Amino acid sequence: MSFLNTPLDGDVPLAELHPSIDPGAEINASDYQIASSQESENEAEKESPDDVKPPPFNQATGEMPSTEEFSGHYEFSLLMGVGSVNDAKNVKKSWEYSLKMNKLYVKVGSAVPVSFKINNQLDWSDLKVRALLVYDNPDDARTPVERCSSHKDPSHKSNKDCPNVNHVLCCQHRNASYERDQYSGRYSVVVALGEPQAGATYATILYMLNCKSSCEGGISRRNTSIIFTLEKNNKVCGRHVVHVRICSCPKRDMNQEQEFLSCSTSSMLSRGKKRKLDHFGPIRIKSEGYPLPSLLPPLPVSSLNSDLPPQPRYEPLNYMEVSLHFFSLLYG
C-alpha cells in the first residue's frame, strides 16, 4: 500500500487536497512542487495590474468641475457656523463669513463648522459630502490646488495632526477619506453625511485649510472656492460653492473687500446714470441765445419768398488775385 493512502493522525490525504491525483499512483515530490509553482504563476498572471479596472470617473473631481448652485432632489443646503461660539462675545474669531459676497475668511489651521441639511422626509443613508478646493480664474481652472513646499514639509508644525500633507483642505472627522483623482490630479476629502443629532436639523462637519492664499509656490494669491457636493453611489445629487480666502486677519480683509465692493458698485451706478443722461438728454448748443444754424433743419423750397429779386452770387477770390489788386492800389 502506498504511503499516500496511510495518513497520519490529523493529516489529510494528498488525494483529497488534489482530486486530480490518482489515489493509487506514486507521486514524486519534486513534480508536485513544480506543478504548484506553475499554478501560483498562473494565478499571479490572472491578477496582474493591467487587468485591474481603474476607478470610475467622477464629474465632481474632473478637469472642469461645475460651480453652479444645485439643490437637487434632496434640497441640499448649507450654513456657515451654525451653533458655533465664533459669534460669542469676548472670543477671538479665527474666521469670518460674508453673506454679501458668499466668501469665507479663515486663518491657517482654524476649524470652520459647516452645517449641511437635506429634506428630512428622505433617507440620509449612503449620502456623502465631498469638499474640493478649486481656482476661480478660468486661466487656472484646470490646475489642482496644492500646498506650497514650506507647508508641505512633514516637519512643519502645521502637519503635526494633519492626516495628509498634500491636501490644503482637510476635515476633522475620524471617517474622512482623502482622495486624489488620477485623471485631473485634484485633491478632495469625502465624509459620510450621517443623520443629524436628536433635536437638530443640520449635520455639522469641521473643515480646516492648511496653506495661506499668499503662499508662493502654492496658491500664490489666486482666488479660490470650495465646492461642496452631495453624492450617492458616485453620482452628484447637490452642489454649493463658497469663495474662500486664507489669511492672517479675517475680519480686516473682509471689511476691506466689502468696502471696496461698495465703492465700486456706487461709482459704477453713478457713471451709468451720467452716461444715460448724456446719451438720451437733449442737445443744448447755443450761440447768443439761439441754436447754431448748422443744427437747424433746412427750410423747404415752398416756404421761400419767390417775389424777391435774385441776389447776386459772390465767388471767393483767389489768393493771387487779391495780392495783385492790393499792389495795384499801392503803386497805381
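**Confidence.** I started with pLDDT. The mean for the protein is 76, and 61% of the residues reach 70 or more. I then looked up two stretches where the value stays under 50. One is residues 47–51, for which the model has 2 contacts beyond four places in sequence. The other is residues 280–296, with 7 such contacts. Where pLDDT is low, predicted coordinates should not be read in detail.

**Sheet.** Next I traced an open sheet of 4 strands. Its order is β1-β4-β9-β6, and the pairing is antiparallel. Which strands form the edges? They are β1 (77–80) and β6 (169–171), each pairing on one side only. Neighbouring strands here are turned by 35 degrees against each other on average, with direction ignored.

I then checked the pairing of β4 with β9. Strand β4 covers residues 112–117 and is joined to β9 by 5 bridges in the antiparallel sense. For V112, the bridge partner in β9 is Y207.

Last, I turned to the largest pocket. Its volume is about 230 Å³. It is lined by 14 residues, and those closest to its centre are P196, Q197, Y202, A203 and T204. Which strand gives the most to this lining? I found β9 (residues 203–209), with 3 residues. By type, the lining splits into 7 nonpolar, 6 polar and 1 charged.

I note that β9 links two entries: it pairs with β4 in the sheet and contributes to the lining of the largest pocket.

Technical notes: Residues numbered from 1 in each chain as written. Predicted model: local features only at pLDDT ≥ 70, side-chain atom pairs only at ≥ 80, totals over all residues. Heavy atoms only, no water. 1 Å grid on protein atoms, 1.4 Å probe; cavity = no way out; pocket = protein on both sides within 12 Å on 5 of 7 lines; lining within 4 Å. Points joined across faces, edges and corners; volume = space filled by probe spheres on them. Nonpolar A, V, L, I, M, F, W, Y, C, P; charged D, E, K, R; others polar. Pairing = 2+ DSSP bridges. Axes fitted to C-alpha atoms, helices over the stretch in contact; angles between N-to-C directions. pLDDT = per-residue confidence, 0-100. Contact = heavy atoms within 4.5 Å.
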